[in-house]
Amino acid sequence: MPRLARAAEVTITTLSDPHAGLEAVVRAAAAAARVTYPDGTVCVVSRLSEEPGVVFTRWRQGVAIEPLVKEAVRSGDVALIRDAMLTRQFARSLGSRRLVLASDLDEAAVESLDIGHAASAEDIARLSATAESLIVLHEADRMLPQLA
């Protein structure tokens, strides 16, 4: 559990397994959000290739989270309920922070979810260079950083 002196405007994270799925991306984003300003940016670097589920997608496209979760639970569909719980966790941890995703998903798919798309290391370097403060968390999906 790393202890950091202060939060940052931008936090860039990697995953313990770059090819891990959305759950690892959500865990990494949640870890990063703990040490990123509420109006800051979280960037998750991954090789994610699976598109998120219908609950996550509908939420990112503007549908309120709670009715989506209730609808998923009422359905009794285990996959839908899992998607809803993951989406709720993501929504709570990310808050008002902006998300940028470097992944194997194409730009249109990422941006349709109201998520910034980083296509290259140069994009991430530009994001870093413009930040007033920066934190980099390696294998963030396995950590729980704390502010001192």
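Tutor: Buried means under 20% relative accessible area, exposed means over 50%, and partly exposed is in between (1.4 Å probe, protein chains only). One caution: this is a predicted model, where local features need pLDDT of at least 70 and side-chain atom pairs count only at pLDDT 80 or more, while totals for chains, interfaces and linings use all residues. Residues are numbered from 1 along each chain as its sequence is written, and side-chain values use heavy atoms, leaving out hydrogens and water.

Student: Which residues touch the most other members of the largest nonpolar core?

Tutor: In general, nonpolar side chains tend to be buried together in soluble globular proteins. Here the largest core has 36 residues, and Val-44, Phe-90 and Leu-101 touch the most other members. Two or more residues come from each of H1, S3, helix H2 (54-60), helix H3 (65-75), helix H4 (78-94), S4 and S6. H and S stand for helices (DSSP runs of H or I, at least four residues) and strands (runs of E, at least two), numbered from the N terminus. H1 gives the most to this core, eight residues. Another core lies apart from it, with nine residues, including Cys-43 and Ile-124.

Student: Is Val-25 buried or exposed?

Tutor: Val-25 counts as buried because its relative accessibility is 4%. You'll find Val-25 in helix H1 (residues 22-33). Contact means heavy atoms within 4.5 Å. Leaving out residues up to four places away in sequence, Val-25 touches Leu-15, Val-44, Ser-46, Leu-48 and Leu-101. Val-44, with neighbours within four places set aside, has contacts that include Val-25, Ala-28, Ala-29 and Leu-101.

Student: How do I read a pair of helices, such as H1 and H4?

Tutor: Two packed helices are described by the angle between their axes and the distance between the axes. Axes are lines fitted to C-alpha atoms, for helices over the stretch in contact, with angles from 0 to 180 degrees between N-to-C directions. The axes of H1 and H4 come within 8 Å and cross at roughly 20°. Angles under 35 degrees count as roughly parallel, over 145 as roughly antiparallel, 65 to 115 as roughly perpendicular and the rest as oblique, so H1 and H4 are roughly parallel to each other. Among the residues that meet there are Leu-22, Val-26 and Ala-29 in H1, and Leu-86, Phe-90 and Leu-94 in H4.

Student: And the sheet: in what order do the strands come?

Tutor: Strands pair if DSSP finds at least two bridges between them. Five strands make an open sheet in the order S5-S4-S3-S2-S6, with parallel pairing. Strand S5 (116-117) and strand S6 (134-137) are the edges, each pairing on one side only. Strand S3 (residues 36-45) is joined to strand S4 (residues 98-102) by five bridges; Val-45 has Ala-102 in S4 as its bridge partner. Strand S2 (residues 8-14) pairs with S6 over four bridges, and Val-10 stands opposite Leu-134 in S6. S6 has Ile-135 and Leu-137 on its covered face, and Leu-134 and Val-136 on its uncovered one.

Student: What is the phi of Asp-114?

Tutor: Near 60° for Asp-114, a positive value in a residue other than glycine. Asp-114 sits in the loop between helix H5 (107-111) and S5, and Asp-114 is exposed, at 57% relative accessible area.

How values were computed:
A nonpolar core is a set of buried Ala, Val, Leu, Ile, Met, Phe, Trp, Tyr and Cys residues joined through side-chain atoms within 4.5 Å.
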